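Please read them with the structure open.

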Amino acid sequence: MMLLEKSLAVIFALLVIATLANGLLVWRRPGKDWRELTLRIRTWWVIIVLFSLAILSPPWLALTFFALVSFMALKEFLTLAPSRQTDRMPLLWMFIAIPINYWLIGINWYGMFVVFIPVYAFLFLPVRMVIAGDTQGFLRYASQHHWSLMTTVFAFSHVAFLLVLPDDGKQTGALLVLFLVGLTEFNDIAQYLWGKSMGRIKVIPKVSPNKTLAGLVGGVVTTTLAAAVLGPLMTPLSIPMAMLAGLIIGISGFCGDVVMSAIKRDIGVKDSGTLLPGHGGILDRLDSLIFTAPVFFHFIRYFYY
């Protein structure tokens, strides 16, 4: 069994343990409401199965999977923040940008990928909006469109680019993706547990009242230590570089979480959607990854590729 398959087997084993523990809690304490926890674990099964199939698939199929996730995330974002009737054509071009963006990844054209959405789409969309002749709320909606495209497509697609970044014919790219996604989710859990057990000082109470200094520091330190153990096993990273990667993932993951919380608070919703029972919407699961993916990608590319 290859390292990638062994790593995925460990993840499934942990999920089985979580499922059994949840069943035990339901059996031992039937009077308590465990529905949300049960839903969260069931949804995790679906997420992990689909994610595992994607990174085990041929690159073209994996990129198609991540492109579909970007499509659903962009659609969810635009549902949260409705646009003007006159912006129908710019919105169509935003969705057309998704297959182009992932095609650039598929052919490993980094130079065009890194400017296609941040530069060309950034310049094209407001021009297309101007053609409609509607100036009411122009700046707000132009900003909103570009932000949604940058987060749900460009930033997130760095996860997919990790798959094709190492040109060695091995599973290095898939292991890099697993390392990034695994540590990002681990960081979220660690920050939550540290915050619940020791959190007193609020970090950003007006944006995310549950975020505490203990949660932030504890999560970042725990993630850094986990990276030091997993990095040399799964990636080309040495222990010092793995610790630096863990530190980057811990901090940027926190930033992604609170930024997306600010967006939801501004819109006036608790969750970004209902597609993932027990979790909310796609953006609720991608919030940290939207920030960790591009930061980790450029870190690993600069030093190793």
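This is a predicted model: local features need pLDDT of at least 70, side-chain atom pairs count only at pLDDT 80 or more; totals for chains, interfaces and linings use all residues.

1. Start with the helix pair H5 and H6. The two are roughly antiparallel to each other, because their packing angle is about 155° and anything over 145 counts as such.

2. H5 covers residues 110–132 and H6 covers residues 138–155. Their axes lie 10 Å apart. The crossing of H5 past H6 is right-handed.

3. Which residues make the H5 and H6 contact? From H5 come Phe113, Val114, Ile117, Pro118, Ala121, Phe122, Leu125, Pro126, Met129 and Val130. H6 answers with Phe138, Tyr141, Ala142, His145, His146, Leu149, Met150, Val153 and Phe154.

4. Leu149 links this to the next topic. Besides meeting H5 from its place in H6, Leu149 is among the residues with the most contacts inside the largest nonpolar core. That core has 69 residues.

5. Phe179 deserves a look. Setting aside neighbours within four places in sequence, Phe179 touches Ala227, Leu230, Gly231, Met234, Thr235, Leu237, Ala245, Ile249 and Phe296.

6. Now the charged pairs. Seven salt bridges turn up in a search of the whole structure. One of them joins Asp33 and Arg35, with the closest N and O atoms 3.0 Å apart. Both Asp33 and Arg35 are exposed.

7. Asp257 and Lys211 form another salt bridge, at 2.5 Å from N to O. Asp257 sits in helix H10 (residues 239–267) and Lys211 in strand E2 (residues 208–212), so the bridge ties together parts 46 residues apart in sequence. Are these two residues buried or exposed? Asp257 is buried, at 14% relative accessible area. Lys211 is buried too, at 17%.

8. H10 takes part in a further bridge. Lys264 in H10 pairs with Asp284 in helix H11 (residues 282–304), 20 residues away. The N to O distance is 2.5 Å. Asp284 counts as buried at 9% relative accessibility, and Lys264 is buried at 13%.

9. Finally, look at Arg84, Asp87 and Asp134. Salt bridges with shared partners join these three residues into one network.

Technical notes: Residues are numbered from 1 along each chain as its sequence is written. Side-chain values use heavy atoms; hydrogens and water are left out. A salt bridge is a side-chain nitrogen of Lys or Arg within 4 Å of a carboxyl oxygen of Asp or Glu. Buried means under 20% relative accessible area, exposed over 50%, partly exposed in between (1.4 Å probe, protein chains only). Helices (H or I, at least four residues) and strands (E, at least two) are DSSP runs, numbered from the N terminus. A nonpolar core is a set of buried Ala, Val, Leu, Ile, Met, Phe, Trp, Tyr and Cys residues joined through side-chain atoms within 4.5 Å. Contact means heavy atoms within 4.5 Å. Axes are lines fitted to C-alpha atoms, for helices over the stretch in contact, and angles run from 0 to 180 degrees between N-to-C directions. Angles under 35 degrees count as roughly parallel, over 145 as roughly antiparallel, 65 to 115 as roughly perpendicular and the rest as oblique. A crossing is left-handed if the near helix is turned anticlockwise from the far one by less than a right angle, and right-handed if clockwise.
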